[in-house]
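Below is a short report on one protein model. Look at the sequence and the fold first.

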Amino acid sequence: YRDTVFRMIFNSNRQLLELYNAVNHTDYNDPDALEIVTLENAIYLGMKNDVSCLIDMRLQLYEHQSTVNPNMPLRDLMYVCEQYEKYMVKKDIYSSRLIKLPTPRFVVFYNGIREQPERRDLYLSDAFEIPEECPSLELRVTQLNINKGYNEDLLNRCPALFEYVEYVSAVRKYQETQPLEEAVRHAVDHCIKHNILKDFLLGNKAEVVRM
């Protein structure tokens, strides 16, 4: 339920631009300058790409995780290959000219219950059976802990992410004494009452509870 709500919230240019600025310490203010390029129909290892965007030749791939997943670099490698394949349509990779590619960045937003540091980097090379000092292929994923009490500066820069964290915290609180479906329903009502993701939840209440 957390993963789906996260994708729904950031499936708009305005909210996604806010998240992009918060992650990258930028100040873009034109939502139309951002293009959402999420891989809606590509499924790898039974999972879809959560959120991807392209702005000013920078490609950002964002994933939400409620469990610790050491395979995120491998998954992101598969995602970015698909993104570049889409980008390369009608471009000649056999040309003598160098084809410029959008610069990628890979970020995982973690809010599971397993204790994790505020920030950690995951590397594709950690999965190689035979380690090398300078591997020919590398990919780095930054995992950001967005549980309450972590990365508060990031949450303060992105109100939508901050309110999402508050919503998840409300669900967890109600879930201490209630089944998940009932806890979600009460958490949604609580958040609407306290102006947390109010517009989003008013417009999507039935779908959020149904998840």
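## Basis

This is a predicted model: local features need pLDDT of at least 70, side-chain atom pairs count only at pLDDT 80 or more, and totals for chains, interfaces and linings use all residues. Residues are numbered from 1 along each chain as its sequence is written, and side-chain values use heavy atoms, leaving out hydrogens and water.

## Nonpolar cores

The largest nonpolar core has 41 residues. A nonpolar core is a set of buried Ala, Val, Leu, Ile, Met, Phe, Trp, Tyr and Cys residues joined through side-chain atoms within 4.5 Å. Buried means under 20% relative accessible area (1.4 Å probe, protein chains only). F10, L19, Y62, F109, L161, Y164 and Y167 have the most contacts inside this core. Elements that each supply at least two of its residues include α1 (2-9), β4 (51-55) and α7 (198-210). Helix α5 gives the most, with eight residues. Helices (H or I, at least four residues) and strands (E, at least two) are DSSP runs, numbered from the N terminus.

Another core, of 16 residues, lies apart from it; L54, Y84, L139 and V141 are among them.

## Cysteines

The structure holds zero disulfides (cysteine sulfur pairs within 2.5 Å). The sulfur of C53 is too far for a bond, because the closest cysteine sulfur, in C158, is 12 Å away. For C191, the closest cysteine sulfur is also in C158, at 16 Å, again too far for a bond. C53 is buried at 0% relative accessible area.

## Q143

Q143 is in strand β8 (residues 140-145). Q143 counts as buried because its relative accessibility is 2%. Its side chain makes a polar contact of 2.9 Å with the side chain of Q116. A polar contact is a pair of N or O atoms within 3.5 Å; within protein, one must be able to donate a hydrogen and the other to accept it, and residues adjacent in sequence count only if both atoms are side-chain atoms.

Technical notes: Buried means under 20% relative accessible area, exposed over 50%, partly exposed in between (1.4 Å probe, protein chains only).
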